[in-house]
Amino acid sequence: MAQASFVVLESRGILAVSGPDRLNFLQGLVSNDVEKVASDRAVYAALLTAQGKYLHDFIMAASGEAIWLDAEAARLADLKRRLAMYRLRANVAIDELPDLAVAAVFGEGALSALNLPEQAGTARAFGGGLAFADPRLAALGARVVLPREQLRDMLAKVEFAEADFAAYDRHRLALGIPDGSRDLVVEKSILLESGFDELNGVDWQKGCYVGQELTARTKYRGLIKKRLFPVQIAGTAPAPSAIVEIEGKDAGEMRSSRDGIGLALLRLEAVDEANPLSAGSTTISPLRPSWMRVDTSKDK
């Protein structure tokens with residue numbers, strides 16, 4: 001893109017976890033190291049079932065005496081409820097912050113215009129809120145969290161042009177980044193199938209957290225047989241969950257898509273084949289983003 005743009009992400013909301021026990025409370029629950037969250041660093045993480053299956057993913061950022069979770073707005077109440085189940089005697093408060101809004105800033109010069117280094121997760125105070133490089137991948141751009149009534153004016157002052165959501169969605173899909181429950185199936189998806197290792201969503205040195213055992217086993221025993229790939233779509237875009245086939249055999253299923261590019265959960269052995277993939281009459285061509293580490297060789 002020639003100019004950095006922003007889009008207000010109406011699909012995102014902020015949940016605040018505050019209180020003196022907030023770090024220890026979250027540390028025993030989520031997939032990443034909460035101790036790394038600081039005024040200058042945001043961290044990506046997930047909350048899992050006890051069996052290691054996906055429930056929620058979010059970006060954690062420090063704001064004063066609270067940790068803000070940038071999460072799916074439509075599922076914020078569910079995230080709050082699930083966290084509250086583990087509160088027990090922990091001295092924490094869990095609150096939705098509806099007066100805050102989230103924007104994505106993307107395109108050439110997005111991070112430098114916000115005085116952020118070109119490094120995933122770098123963060124700083126911005127106006128009455130926060131700005132941080134997306135901790136999954138710096139190429140995604142930045143997130144800005146501000147009071148809703150200030151958000152557009154503050155970003156306009158930095159000379160960002162407002163774009164529609166479709167522009168950011170295409171940017172995300174081209175990079176192969178999943179968008180929460182649009183691309184991950186609640187209580188079914190596995191983190192390492194969905195790129196969480198390479199996208200800085202799992203810490204392998206931290207202590208125990210909910211679902212850690214299965215997550216570690218899939219990594220160290222090499223149990224990953226599928227991966228979420230960006231795909232080019234030649235033809236009518238298949239609906240999410242549409243079956244992808246290779247020579248009439250099941251090769252995976254579609255996730256979100258837009259304007260000829262999408263994501264699909266594909267069997268690694270199918271990606272390794274020379275034959276084309278299809279969903280109905282539509283041809284599906286897997287892509288390998290530069291951040292993805294995957295060995296599809298049959299000799300593995």
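**Sheets and nonpolar cores of the predicted model**

In this predicted model, six strands form an open sheet with mixed pairing, in the order β8-β9-β10-β7-β1-β11. Strands here are DSSP runs of E of at least two residues, and helices are runs of H or I of at least four residues, both numbered from the N terminus; two strands pair if DSSP finds at least two bridges between them. The edges are held by β8 (123-126) and β11 (161-162), each of which has a single partner strand, so one side of each is left without a neighbour in the sheet. Strands of a sheet pair through backbone hydrogen bonds, either parallel or antiparallel. Strands β1 (residues 5-8) and β7 (residues 100-106) run antiparallel and are joined by four bridges; V7 has A104 in β7 as its bridge partner. Two helices pack on this sheet. Helix α4 (residues 148-157) touches β1, β7, β8, β10 (142-147) and β11, where contact means heavy atoms within 4.5 Å. The direction of α4 makes about 130° with that of β10; axes are lines fitted to C-alpha atoms, for helices over the stretch in contact, and angles run from 0 to 180 degrees between N-to-C directions. Helix α5 (residues 165-175) touches β1, β7 and β10, and its direction makes about 60° with that of β7.

Residues are numbered from 1 along each chain as its sequence is written, and side-chain values use heavy atoms, with hydrogens and water left out. Local features need pLDDT of at least 70 and side-chain atom pairs count only at pLDDT 80 or more, whereas totals for chains, interfaces and linings use all residues.

Another open sheet has five strands in the order β3-β4-β5-β2-β6, with antiparallel pairing. Its edge strands are β3 (43-48) and β6 (93-96); each has a single partner strand, so one side of each lacks a neighbour in the sheet. From one strand to the next, the twist averages 30°. Seven bridges link β2 (residues 12-18) to β5 (residues 66-72), and L15 stands opposite L69 in β5. Helix α2 (residues 76-85) lies across β2, β3, β4 (54-63), β5 and β6, at about 20° to β2.

The largest nonpolar core has 55 residues. Such a core is a set of buried Ala, Val, Leu, Ile, Met, Phe, Trp, Tyr and Cys residues joined through side-chain atoms within 4.5 Å; buried means under 20% relative accessible area (1.4 Å probe, protein chains only). W68, F132, V231, L266 and L277 have the most contacts inside this core, and strand β15 (residues 261-267) supplies its largest share, five residues. Apart from it lies another core, of 23 residues, including V30 and L83.

Methods
Buried < 20%, exposed > 50% of the residue type's maximum accessible area, 1.4 Å probe, protein only.
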